[in-house]
Amino acid sequence: MTPSHIPSVQLALFAGGDLPFWTRVGVERHVAQCDDCAALVREYARQQLDLAQRAEELPPSLTGVAWQSLASEMTANIRLGLAAGACVSAPVAARVRPKLTFALAGLAVILSIIAVERPRLNFGPRPAVAPAPELAGFVPMLEGTGSSVGIRNGGRELSVTAPVGIDEKSVIRTVNARGEIGSRYVEDTGVTVVNIYAE
Amino acid sequence: MIASEWVPLAMGDLLDSPQTAQDAQNRFVSDNLRRIFLQIYRMVGNIDDAQDLTQETFIKALSRAGQIKEEHKAAHWLSRIATNTALDFLRRHGRVSFCEMELAPERHSESPEEILLRSEQQTYLQKGLETLSPRERAAIVLRDMEDLPAEEVARQLSCSKATVRSHIANARIKFRRYAVRAKR
């Protein structure tokens, strides 16, 4: 029985030693027995050798002085290109380590955030502030009367009254859970909102 | 083989003092110019384009000399830049135009018959390469003419070993068919 021939692709690769080990073993065994495939392998090997021998040959028009001249021209152009590149490129900064740069940048961002947000962040119990002597024993009372809102304690009083001409029925007074009292009314110039609270 | 003559580049020199760097650059160019020019010429098929692309390759390589860490791989690295530059060019232009600047051989040691024979052989070689696709051409130039291992060819063409084997096999088969036709 005559074994079927090896595909050309495998023979072409076999001739150049480019087949994987096990495939190469199989092809080798076949080629040893098959004259046709062996001839083809020899042809591919010859072709490969021929190409390798011509690798260094310059084109016919570039032999001798012509090549020297072209090589000089290319060398000069390469120098010119590099010089031009050096002129237009930005000055190279000192070599920095990327990891260190990222770490420092991250640290800077964190410190900035802390500096900006510090007043709003609660880092622990705030120190108690002693009330001013004149305010000691102060028990404030917020009240709204007619068109005014105010705060009062004992003989001291602060009130904000709506301007003359504002109907007291149109004044909206509000009291909220935060201990604020407010009034809202409409003037010619717009809406006025007054909020009074004790601290 | 060209590959055996590859000159390892002392890349450290390129980053040294200006004078040392300049000398290293000049040496690097003169040692590799012919090899890179021929590699590109085989791929693009004409001298004018090969000249431009060779210059471009060296400018790219020398501008990025700091990128290479292993000096003994400098020649392969340069070759890879040349391959990519040539393939990019072929992709942009979509064709190869095989032509010579002029047929004015100047090697005085050769007889007219020898010059004619060599010229015919070169034309035969270039026309054979013309029958291949750009990637097949690159593969056979790097594998069979520059004697690079298939793994390195795969790296240079940014494809798998299986794909590069396919390119190499197709290129050899097509080139053989061309050779058979040319002999008739």
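The model is predicted, so to speak plainly: local features need pLDDT of at least 70 and side-chain atom pairs count only at pLDDT 80 or more, while totals for chains, interfaces and linings use all residues. Residues are numbered from 1 along each chain as its sequence is written, chains are lettered from A in the order in which they are written, and side-chain values use heavy atoms, with hydrogens and water left out.

**The interface**
- Chain A brings 37 residues into contact with 48 residues of chain B (contact means heavy atoms within 4.5 Å).
- About 4,200 Å² is buried between the two chains, 62% of it on carbon and sulfur atoms (accessible area lost on being put together, 1.4 Å probe, summed over both parts).
- On the chain A side, Leu51(A), Arg54(A) and Pro60(A) lose the most area to chain B, together 16% of what that side buries.

**Charged pairs**
- Three salt bridges are counted between chain A and chain B (a side-chain nitrogen of Lys or Arg within 4 Å of a carboxyl oxygen of Asp or Glu).
- One salt bridge joins the side chains of Asp18(A) and Arg143(B), at 2.8 Å, N to O.

**A look at Ala82(B)**
- Ala82(B) counts as buried because its relative accessibility is 0% (buried means under 20% relative accessible area, 1.4 Å probe, protein chains only).
- Leaving aside residues up to four places away in sequence, Ala82(B) touches Ile36(B), Gln39(B), Ile40(B) and Thr57(B).
- The C-alpha atoms of Ala82(B) and Ala61(B) are 9.1 Å apart, with the two residues 21 apart along the chain.

How values were computed:
Buried means under 20% relative accessible area, exposed over 50%, partly exposed in between (1.4 Å probe, protein chains only).
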